[in-house]
Amino acid sequence: MAARRGLAAALRGCGSAAAGQERDPGAAALYAHWPYCLKRCSYCNFNKYIPRGLDEAAVRSCLAREAQTLIQLSRVQRISSVFFGGGTPSLASPLTIAAVLETVLQCSRLAADAEVTLEANPTSAGASRLAGFQAAGVNRLSIGIQSVDNSELQLLGRDHTADEALRTLEEAKKLFPGRTSIDLIFGLPGQSVASWARGLERLLQLCDDHVSLYQLTLERGTSLFKQVQQGALPMPEHDVVAEMYEVARRILQDAGFRQYEVSNFARNGALSTHNLSYWQGSQYIGIGPGAHGRFVPRGSGTSLREARIQTLEPDNWMREVLAWGHGTRKRVAQNPLDVLEEILALGLRTDVGITHQHWLQFAPSLSLWDAFGASEEVKELEDQGFLLLDHRGLRCSWTGLAVLDSLLPTLLNQLQQTWADRVSPT
């Protein structure tokens, strides 16, 4: 909105933010969680609620107050990016989005061109509503399309049709050209490699420059889990799902997309800078019910990063925010090894991996060569073509990226052993 543009113009001297690192303790990303949905999808176990008599003004006020409290607690001077997730944040009023961004600008600096992403569901993202979000300060959209097959959408419990999803995509591209992402799910009951490939190729004729692919995970307590457990729905075999992933990678590569992370593909440089901040181990502040965060609460006099989780249930969260300014339910101080383990596990999800320079920002006394260079197990992963440790740093090969989960136990164990041997905490 106009106020945001005015404040941003006044602060434009802050420049554009790169992904924050420990060498830049004055920066953090911000994640805002909107926990409400019109209905619960059959596969979803996220922290979400069906609103009944929702007082959005109260939620808006609490989001803004918690943002203020935690930004001040972190003492960061700059917010590098903002991401509104859920739930279905496109159900929120643009006024709520604007209120959070206004608070960010009042408490810190946000570059005029900083990435501000909103997750959207096709049924709550008509053209006028999308324009309202744009006016509020959103400049990137992530649309939960999930599939362009109506029978698959029905199976997933989605409340939109394929045509509605494609109309939303077209409207979004007009407002956010080059900054519209789509989410797709594969590995569904009854899905074949051929049907998955057809749907993906159809979407690639219509989509923008960013695609996120997620394998369906059966979560205990969901209706889809129950149907599969009862034998009502046949899940594809593991090797079929693996083939779906490999086929998608090849299709996207042929269409000019770079796989810059295990599940994320971009062309024309349209990488998500917010998500990169997670994978690079940057600080991020989480606000809203159930939001997670990783930052150093310097305002409380500590220098250790904390892993934080906000109170899950919205009403309880709001009561805590009104009482204390924030609804942080759990805080766990992270020692240096905890942080390194996250840097390793998250950094290897990217095609760049972990550079020597980046690693040394977090472990000045333990290089990648020190940690992994002498390990026979790591050397075996290199010889098998899964991993590379060289002058650039540590990263997965194209083959290794697809099986990262199977590589991490070896690498984490090696890191823990080296840490115990060389830099045991006192």
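E261 and R349 pair up through their side chains in a salt bridge, at 2.5 Å from N to O. E261 sits in strand 7 (residues 258-261) and R349 in the loop between helix 12 (336-347) and strand 13 (354-355), so this contact ties together parts that are 88 residues apart in sequence. Keep in mind that the model is predicted. Across the whole structure, a search turns up 14 salt bridges.

**How the E261 and R349 ends are placed**
- E261 is buried, with a relative accessible area of 1%.
- R349 is partly exposed, at a relative accessible area of 23%.

**A link between two strands**
- E115 and R140 also meet side chain to side chain in a salt bridge, here at 4.0 Å from N to O.
- E115 belongs to strand 3 (residues 115-120) and R140 to strand 4 (residues 140-146), so the pair ties together parts that are 25 residues apart in sequence.
- Both residues, E115 and R140, are buried.

- The side chains of E170 and K173 form a salt bridge of 3.2 Å, N to O.
- Both E170 and K173 are in helix 6 (residues 162-175), and they lie 3 residues apart, about one turn of the helix.
- E170 is partly exposed, with a relative accessible area of 33%.
- K173 is partly exposed too, its relative accessible area being 21%, and the cut-off for buried is under 20%.

Key:
Residues are numbered from 1 along each chain as its sequence is written. This is a predicted model: local features need pLDDT of at least 70, side-chain atom pairs count only at pLDDT 80 or more; totals for chains, interfaces and linings use all residues. Side-chain values use heavy atoms; hydrogens and water are left out. Helices (H or I, at least four residues) and strands (E, at least two) are DSSP runs, numbered from the N terminus. Buried means under 20% relative accessible area, exposed over 50%, partly exposed in between (1.4 Å probe, protein chains only).
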